[in-house]
Amino acid sequence: MQEIIEYDNLSYVFSSKWGTFGTEEGQLKYPCGVAVDLSGNVFVADIGNNRIQKFTSSGNFIKTWGGLGSGDSQFNYPNGIAVDSSGNVYVSDRLNHRIKKFRNDGTFIRAWGTLGSADEQYYWPSGVAADLSGNVFVADLLNCRILKFRNDGTILTNWGTQGTAVSQLKFPMDVAVNSSGNVYVTDTSNHRIQEFSNYGTYIRSWGGFGSGDGQFNYPSGVAVDSSGNVFVSDVHVVSSDGVSEGGNGRIQKFKGNGIFITKWGSRGSADGQFIAPHGIAIKSAKVSILEERVFVTDTGNNRIQVFKPKLVVNP
């Protein structure tokens, strides 16, 4: 695989946006999770409409599926979404307490999970991610743990208990996996990121409550780019309508070992501002990091915002 050209003096700037509040095709109602497939198509968990929407990377509507209910292709608060290397789409159907797997065109494949705390059960599954081997990781929010499955729903392992100590979790909201298989978790109510091996062995953590560089106020979404950099949305969606009145309203970028790189965003509704940013997905670069695009669900503003890297020229 060709090595991506990186730069130390990068910032991220607004590139484009799409979405307005509503129920029509292409409109959004408190979008939450977001994922990008290898072709650059963007999948959005449209919570308030209980559906998944698929767009081109420029925001052109492609298709939608779902609706409120408990049937195979229905949802009750679809929260997290991930796409594996084969293009299969995984959705955490939070209030139905299960994971659903679809083909890239929305065709239902299978579902697994029920309410509970046993190995194959959930209590509000939230973020979901897939590694390069096709394994699926789920942030089990109210059980305060991470579960790992084969892509057919067979449980492999789980880890985590509620607490504040190293390797413990307090309402983990999202999960992401790098190319080496390491797992990053937004340990939301502990205001930190924790990194684990593919089997759940603790590696490191960073963060702490605050508004300084590398600090968090209820971190929500997490994503990893092809170079192993970690992106975190620094606010947690807490209210019943998906809008938080608190938090830092920004995105932070780190090296894979937790070293702070850059940040952008503030609270508001202008381009580049956020109200409760949640999901993050990366369209990876092929040659230069400047080709990278970062998609963010700006939940409280009912839109998707796209950002691109920009070289900072020092005076």
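Good morning. I begin with Arg-145, which counts as buried because its relative accessibility is 6%; buried here means under 20% relative accessible area, exposed means over 50%, and partly exposed lies in between, with a 1.4 Å probe and protein chains only. The structure is a predicted model, in which local features need pLDDT of at least 70 and side-chain atom pairs count only at pLDDT 80 or more, while totals for chains, interfaces and linings use all residues. Residues are numbered from 1 along each chain as its sequence is written, and side-chain values use heavy atoms, with hydrogens and water left out.

Let me stay with Arg-145 and turn to its partner. The side chain of Arg-145 forms a salt bridge with that of Asp-140, at 2.8 Å from N to O. By a salt bridge I mean a side-chain nitrogen of Lys or Arg within 4 Å of a carboxyl oxygen of Asp or Glu. Side chains of opposite charge can pair when their charged atoms come close. Asp-140 is buried, because its relative accessible area is 0%.

Lys-170 is 25 residues away from Arg-145 along the chain, yet their C-alpha atoms are separated by 8.5 Å. Lys-170 sits in the loop between strand 13 (155–159) and strand 14; strands are DSSP runs of E with at least two residues, numbered from the N terminus. With a relative accessibility of 29%, Lys-170 counts as partly exposed.

How many salt bridges does this rule give? The count comes to ten. One of them joins the side chains of Asp-187 and Arg-192, at 2.6 Å from N to O. Both partners are buried: Asp-187 has a relative accessible area of 0%, and Arg-192 has one of 10%. Another salt bridge is made by the side chains of Arg-250 and Asp-234, at 2.8 Å from N to O. This pair links distant parts of the chain, 16 residues apart, with both Arg-250 and Asp-234 in the loop between strand 19 (230–233) and strand 20 (251–254). Arg-250 and Asp-234 are both buried.

I now move to the loops. His-97 is found in the loop between strand 7 (89–93) and strand 8 (98–102). Its phi is near 55°, a positive value in a residue other than glycine. His-97 is buried, because its relative accessible area is 11%. Tyr-218, in the loop between strand 17 (202–207) and strand 18, also is not a glycine and has a positive phi of about 60°. Is Tyr-218 buried or partly exposed? At 34% relative accessibility, Tyr-218 counts as partly exposed.

Two further loop residues deserve a mention. His-191 lies between strand 15 (183–187) and strand 16 (192–196), and at 11% relative accessibility it counts as buried. From His-191 to Val-235 there are 44 residues in sequence, and 9.7 Å in space from C-alpha to C-alpha. Thr-299 lies in the loop between strand 23 (293–298) and strand 24, and is buried with a relative accessible area of 2%. Thr-299 and Gly-33 are 266 residues apart in sequence, and 9.4 Å apart in space from C-alpha to C-alpha.

Next, the largest pocket. Its volume is about 1200 Å³. A pocket is an open set of points on a 1 Å grid over the protein atoms alone, where a 1.4 Å probe fits, with protein on both sides within 12 Å along at least five of seven lines; lining residues have an atom within 4 Å of a point. Of the 46 residues that line the largest pocket, Val-36, Val-83, Val-224, Ile-282 and Ser-284 are the closest to its centre. Strands that each supply at least two lining residues include strand 2 (31–36), strand 6 (78–83) and strand 10 (125–130). Which strand gives the most to the lining? Strand 22 does, with six residues. The lining divides into 24 nonpolar, 14 polar and eight charged residues, where Ala, Val, Leu, Ile, Met, Phe, Trp, Tyr, Cys and Pro count as nonpolar, Asp, Glu, Lys and Arg as charged, and the others, Gly among them, as polar.

I close with the surface. Ile-5, Tyr-7, Val-287, Leu-290 and Leu-311 make a nonpolar surface patch of about 360 Å². Patch residues have over 30% relative accessible area and no salt bridge, and nonpolar side chains (Val, Leu, Ile, Met, Phe, Trp, Tyr) are joined within 5 Å. Leu-311 belongs to strand 24 (residues 303–311), and counts as partly exposed at 34% relative accessibility. Thank you.

Note on methods: Points joined across faces, edges and corners; volume = space filled by probe spheres on them. Helix = DSSP H or I, 4+ residues; strand = E, 2+ residues; numbered from the N terminus. Patch = residues over 30% accessible without salt bridge, like charges linked within 9 Å, V, L, I, M, F, W, Y side chains within 5 Å. Areas by Shrake-Rupley, 256 points an atom, 1.4 Å probe, with all protein chains shown as cover.
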